[in-house]
Amino acid sequence: MTYILKVNTHSMNYEISDEKRLDLVECSLGPESWLVGRVKLNYTCRTLDLQAEASRRVDGVEALKELLDEHAYQYVITYYDGHRNRLHLLRDFTGCEPGYYALSGEQLFVSDNASKVAKELSQQNDICEQGAFCFVYCEMHWKPSTLYKSVKSILNECIYTFDPNAGDFRISDHFSVPLESEAETFDPRTLRENICLAHERRIGDRNSIYLSGGIDSQVMAITLIRDLGIRDTESVHFTVKGNQTSEVEFAKNAAKQLGIPFQSVEIDPCVETCIDQRMLDSNSPYIGTLLLQEAIRGSASQQTTFFGGQDTRLHTPALSRADLLYWQFASMLDGSLLVFPWLFARLATFLGAHSVLFRDVERRSRLKALLDNIYPPQKFWKYRHFHIHPFDFALHQLNSHAAFQSLEDSLKELRNDSHRSRYNKLVMLNWRKQYLFDMEYMVESTRTLGHDCVLPFYDRRLAKESAKINFSIATQFSKGRAGHSSRRMLVNKYCLREAYKNELTEELIFRDKAVSPSASQFFNGGLAGEVSAFITDNPLRGTALGEALHVEKLIDIAKRNELRWSSSDNGIITILFNAIVVAKLYAAS
């Protein structure tokens, strides 16, 4: 389903190599101008003649962006403006459409797949050390970096303009959400209307929902069935055989109440599997791909648009009550109150010295890092909100790596912001770290099997309007119940639950979704061979890349836990899975 576009930046001639041209647009705009890329038109605009409309309206890149934003919910475009002799790259606000590029001499390569670009450069095994370090110790490579030295991600909501003098692109970044327009009240109907519009733009000819059993997937089902009347919507749920906890009964109950077909696909983690070339070539290698693709294979025979519930969390802030307390506390942490950071640092030292109290070394390291970095706030937020795994042996890179220093500089500016402004900026920073990675793994995993995946909660209008919701209201908690028991508790996502509270029974709407980690079952089962090979035959040993990734330390951790992984090891398993991916990419060189 991937394509590669090759452009000569001197003559501006181009050629396309494309396996199936799924949704690929190629338009001639006048005698010299052209555009090539992937455009996903809104459902209500699916019959639009994009070439005719662009020829009529487009006079420059800003006009093209306006046209695409009006009629498409996601896109990545290469555009040559012959009148002005300018070459541009554009990616939409959400970033759900993958886009990568590289420059080599007078050749520009653009694709929806980073590995494909690297192969065109004959550099598919030229691993980027900094990108690999982020991928291993932060669970994902932070955009615009990739696992390949010369390949970069096209950032969302940016206009790239080629500068022939510099031989590179100038980037105009338009990505933002409102920061200081917080509403005084909250209207659940407005949130619901915006969610409805986000789903309507993405309707396909045949639709299915990844129905996990949590509130987000329930809202997708309610929206498609009741608000939009898409009665032939289906749902699929995947579960892992032998998992101690399962959401299947809650997902089935939601489907039953909404009257939609429900299919549950059980995946056996003990079936021998491997990290194959398809996984290595993916933009966002992730252990969850193994589950997702098995679920798709077991549920869909015809081309289907799958709705996924990944979320910006702008309308449902991902903050615990402890986070909110720290946000209040942070404003007090000035020079006159340095005794508090000192006390927390002493506690962190105690935790480090009494490691026997914690079986989970990774969890202990994260807790110690939070306490060590309770002050200044930017250091605390770095470890709290960005999936950084602060092992002692990797702390030097975590403190000196350019990407981490840049993140700290950005976080430093948040200290005096209002809570809503601070949170929105955190979301914007995470969008190009965790969010783009999550989007691409979902979209790519689904498209690889001939289907499509849409993520309505990342919608531009929904995100911008959700960013204005009163923060004190958005962070309220509702009375609900625990995920797998009848125990009463306070649950988050207040605004979403209020907007849909009468659509399903309270036991579903006000239930705290229980996380059911299953990676340990794969590491003890079907992926045990990959772990064993990482320990005994690791190609990164004795290499500069292996030293930068502390591969010997990771091998020691793998040895200690081999075939004895537990659900509490989920974080370190993700790190090791990513390290195995890097090792296999390196071995292929």
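Buried means under 20% relative accessible area, exposed over 50% and partly exposed in between, with a 1.4 Å probe and protein chains only. The model is predicted, so local features need pLDDT of at least 70 and side-chain atom pairs count only at pLDDT 80 or more, while totals for chains, interfaces and linings use all residues. Residues are numbered from 1 along each chain as its sequence is written, and side-chain values use heavy atoms, with hydrogens and water left out.

**View A. The aromatic pair Trp142 and Phe404**. Phe404 is buried, at a relative accessible area of 0%, and Trp142 is buried at 5%. The structure holds 27 aromatic pairs (ring centres of Phe, Tyr or Trp, the latter by its six-membered ring, within 6.5 Å; planes under 30 degrees apart are stacked, over 60 edge-to-face, the rest tilted). Trp142 and Phe404 form an edge-to-face pair, with 5.1 Å between centres and 75° between planes. Trp142 lies in the loop between α4 (129-137) and β9 (152-153) and Phe404 in helix α15 (residues 402-412), so the pair ties together parts 262 residues apart in sequence (helices are DSSP runs of H or I, at least four residues, and strands of E, at least two, numbered from the N terminus).

**View C. Charges over Trp rings**. The charged end of Lys433 sits over the ring of Trp142, 5.1 Å from its centre (NZ of Lys or CZ of Arg within 6 Å of the ring centre and within 35 degrees of the ring normal). Arg422 lies over the face of Trp327, 4.9 Å from the ring centre.
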